[in-house]
Amino acid sequence: MGGPYALKVDISLRPLARSDIPAWADLLAAIEKVDRTGELSTVADLAEEMAGSEVDVGKDFVAAFDAGGQMVGYYSILPRGAAGGHYKVHVEGSVLPARRAQSIGTLLVTEMVARAVQARDERRPDLPARLVSEGLSSDLAQADLLAGFGMQVERWTFLMRAPLHA
């Protein structure tokens with residue numbers, strides 16, 4: 001399992017509330033400008049995600065804030081249920097590109113994995129947890145970070161695009 005970096009960061013984590021959704025959407029837009037994943041969550045998308053029946057607002061959506069109060073990263077866990085002998089939990093998160101390589105991602109992943117396992121324990125403690133995350137195969141830093149917490153790269157989906165006029 002991974003662990004904290006030796007580097008000290010002045011970051012605090014707190015659960016996201018529905019009132020944080022606009023700032024969360026802004027953070028995701030800033031991340032998308034650099035990462036170019038093709039995923040852009042709107043305020044409405046995030047509100048719908050928080051309204052899900054399987055999530056626990058106050059525990060499952062958490063943001064990292066710097067000393068000045070700026071949201072610089074987040075994680076979310078989305079319990080998906082039992083399948084294939086495991087309890088599946090979708091995990092995701094990211095850090096503002098200008099604040100990467102400052103141990104914020106490590107802090108977020110440490111807490112994200114702990115919360116995902118706790119969510120499984122609350123629902124199906126009889127099953128092992130299977131944490132699933134998505135990322136770009138070119139994002140080696142993300143792959144290395146998640147591997148440090150026991151996750152394995154498994155390529156199972158491809159995004160294919162075709163122009164509609166053709």
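Predicted model: local features only at pLDDT ≥ 70, side-chain atom pairs only at ≥ 80, totals over all residues.
Numbering runs from 1 along each chain as its sequence is written, and side-chain values use heavy atoms, leaving out hydrogens and water.

**View 1. The whole chain.** Following the chain along its sequence gives β-α-α-β-β-β-α-β-α, with four helices and five strands (DSSP runs numbered from the N terminus: H or I of at least four residues for helices, E of at least two for strands). Of its 166 residues, 34% are buried.

**View 2. Around S76.** S76 sits in strand β3, which covers residues 71–83. Skipping neighbours within four places in sequence, S76 is in contact with E49, D60, F61, H90, V91, E92 and M112 (contact: heavy atoms within 4.5 Å).

**View 3. Helix α3.** Helix α3 takes in residues 104–123, 20 residues in total, and reaches 29 Å from its first C-alpha to its last, close to the expected 28 Å (1.5 Å times one less than its number of residues). M112, a contact of S76, is one of the buried residues of α3. Others on that buried list include L108, V109, R115, A116, A119 and R120. An α-helix has 3.6 residues a turn, so residues three or four places apart point the same way.

Technical notes. Buried < 20%, exposed > 50% of the residue type's maximum accessible area, 1.4 Å probe, protein only.
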